[in-house]
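Please open the structure in a viewer and keep the selection tool at hand.

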Amino acid sequence: MQRRARNIAIIGGGTAGAASALFLSRAGHRVTLFERVDKPSAVGAGILLQPAGMRVLQALGLLDEILAHGARNDRLFGTNARGRTVLDVRYRDWDAQQFGLGLHRGTLFSVLWQAVLAAGIAVRVATAVTRLRQHGEIVELFSDDTPLGDFDGVVIADGARSSLRAALAIPQTVTPYPWGALWTIVPDDGVTTGTLRQWFRHAGQMLGLMSTGYAYQQKNQPLITLFWSLRADRLSHWRSEGLQAWKDEVLALAPIESVLAHINSPEQLTFAGYADVQMRHWHDGRVVCIGDCAHATSPQLGQGANLALVDAAVLAQCLAAQHDIPAAFESYSKRRRSHLRYYQAASKWLTPFFQSDSRLASGLRDALLGPICRAPVARYHMAKTLSGTKTGWLFGDLPHEK
Ligand SMILES: Cc1cc2nc3c(=O)[nH]c(=O)nc-3n(C[C@H](O)[C@H](O)[C@H](O)COP(=O)(O)OP(=O)(O)OC[C@H]3O[C@@H](n4cnc5c(N)ncnc54)[C@H](O)[C@@H]3O)c2cc1C
């Protein structure tokens with residue numbers, strides 16, 4: 001049956017919003033993408049793109065460009081301060097063909113954004129949507145008191161700090177995590193090629209290094225991202241201690257002098273905080289929430305961008321299968337439930353073992369996780385979890401998104 005094109009607004013031009021705009025405009029809908037930033041640009045740390053996210057980019061025809069910019073990571077490997085293996089997960093234990101892709105977050109943004117512009121999608125930058133009103137079969141959008149138009153359906157993809165989510169008739173909680181991370185991107189001298197490397201001292205110190213590939217269209221200089229775990233309320237203390245004191249702490253944990261040599265000022269390190277966003281479901285009539293706005297997690301499992309990409313693919317499938325927008329958005333919530341609940345629970349459950357002051361949690365982690373990583377069944381499930389394709393603790397597989 002030929003379906004009528006719908007007039008859809010997407011709020012937010014990040015991973016979730018841009019990918020949705022592409023899928024929905026390719027399906028023939030009239031899409032308007034609202035982005036509050038005047039000149040959206042390539043900012044952010046390195047992210048780990050998982051097989052689940054790569055499948056979606058392949059469906060969008062963007063995977064080759066992404067692969068050309070990324071750095072292959074086959075393994076996640078972590079040791080504690082005594083050199084004992086705490087974490088050892090290899091994608092090949094799930095599927096010999098698969099790997100994670102270290103990618104500059106700005107590269108993912110740029111590739112999606114350029115595809116949106118090339119597709120001729122109506123984009124309204126420098127436009128923060130501040131309010132929406134549903135009545136009858138339309139949703140009106142506003143920026144302060146300025147009307148932005150009437151739409152058949154609205155996709156909210158405005159990120160973890162959404163200003164629109166709270167006004168929806170959906171039970172929800174937003175809980176900031178006490179811990180975040182400092183990050184920086186510097187030239188990659190090949191210190192950890194192929195492995196996302198982590199070092200831990202209890203759960204209070206965590207250092208991560210991930211090869212990150214190239215900045216968008218700058219393939220002359222490979223990059224690496226450094227992450228340093230920090231409690232948000234200790235940020236000013238960290239600043240007052242000075243850069244050298246921090247470098248000394250890092251070097252006591254890991255011999256990465258060549259990486260630190262690229263860091264000459266504390267301003268090179270940016271602090272990122274996280275929040276846990278829980279919503280009972282993600283639809284409210286003709287409005288649906290996707291991406292971090294709908295289900296932000298801590299980054300322990302490296303899934304944020306992947307979940308956002310899968311959201312976009314599934315939302316387009318639901319709109320293709322159901323002409324009625326509220327019914328399509330309701331079916332979206334049903335279809336996304338098991339996948340999102342699994343990764344939200346797993347991220348939340350793992351976080352205190354890697355970012356907390358609890359000696360009990362880090363002691364259990366150090367005693368148990370290394371041996372668990374050596375058991376074949378556990379290796380399979382851990383690698384599959386990392387791949388972003390699990391929908392349940394024991395069983396359940398994400399179908400291939402097309
Ligand atoms: C330190 C750190 C490390 C991370 N590591 C990983 C990783 O390894 N792997 C991974 O997959 N993910 C990782 N993530 C998370 C990942 O970057 C996000 O989960 C992902 O980009 C989600 O995309 P999104 O589109 O939902 O939100 P965002 O990328 O936040 O995009 C939201 C967009 O909406 C716009 N906007 C906001 N409000 C409005 C408004 N009112 N009107 C119009 N526009 C608006 C914003 O300007 C922005 O462009 C990490 C995040 C951090 C902070």
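In which sense do strand 3 and strand 7 pair, and over how many bridges? Select strand 7 (residues 100–104) together with strand 3: the pairing is antiparallel and runs over 4 bridges. The model on display is a predicted one.

Within this pair, select Ile47, which stands opposite Leu103 in strand 7.

As a general point, the strands of a sheet pair through backbone hydrogen bonds, in either a parallel or an antiparallel manner.

The second stop is a loop. Select Thr192, located between strand 14 (179–187) and strand 15 (195–201). Is Thr192 buried or exposed? Thr192 has a relative accessible area of 7% and is therefore buried, since the cut-off for buried residues is under 20%. Display the side chain of Thr192 as well: it reaches the backbone oxygen of Thr195 at 2.6 Å.

Select Trp349, Trp393, Leu394 and Phe395, which form a nonpolar patch with about 580 Å² of accessible area together. Of these residues, consider Leu394, found in the segment after helix 12 (376–387). Leu394 counts as exposed because its relative accessible area is 58%, and exposed residues are those over 50%.

Definitions and conventions
Residues are numbered from 1 along each chain as its sequence is written. This is a predicted model: local features need pLDDT of at least 70, side-chain atom pairs count only at pLDDT 80 or more; totals for chains, interfaces and linings use all residues. Side-chain values use heavy atoms; hydrogens and water are left out. Patches are made of residues with over 30% relative accessible area and no salt bridge: like charges are joined within 9 Å, nonpolar side chains (Val, Leu, Ile, Met, Phe, Trp, Tyr) within 5 Å. Accessible areas come from the Shrake-Rupley method with a 1.4 Å probe; for residues, only the protein chains shown count as cover. A salt bridge is a side-chain nitrogen of Lys or Arg within 4 Å of a carboxyl oxygen of Asp or Glu. Helices (H or I, at least four residues) and strands (E, at least two) are DSSP runs, numbered from the N terminus. Buried means under 20% relative accessible area, exposed over 50%, partly exposed in between (1.4 Å probe, protein chains only). Two strands pair if DSSP finds at least two bridges between them. A polar contact is a pair of N or O atoms within 3.5 Å; within protein, one must be able to donate a hydrogen and the other to accept it, and residues adjacent in sequence count only if both atoms are side-chain atoms.
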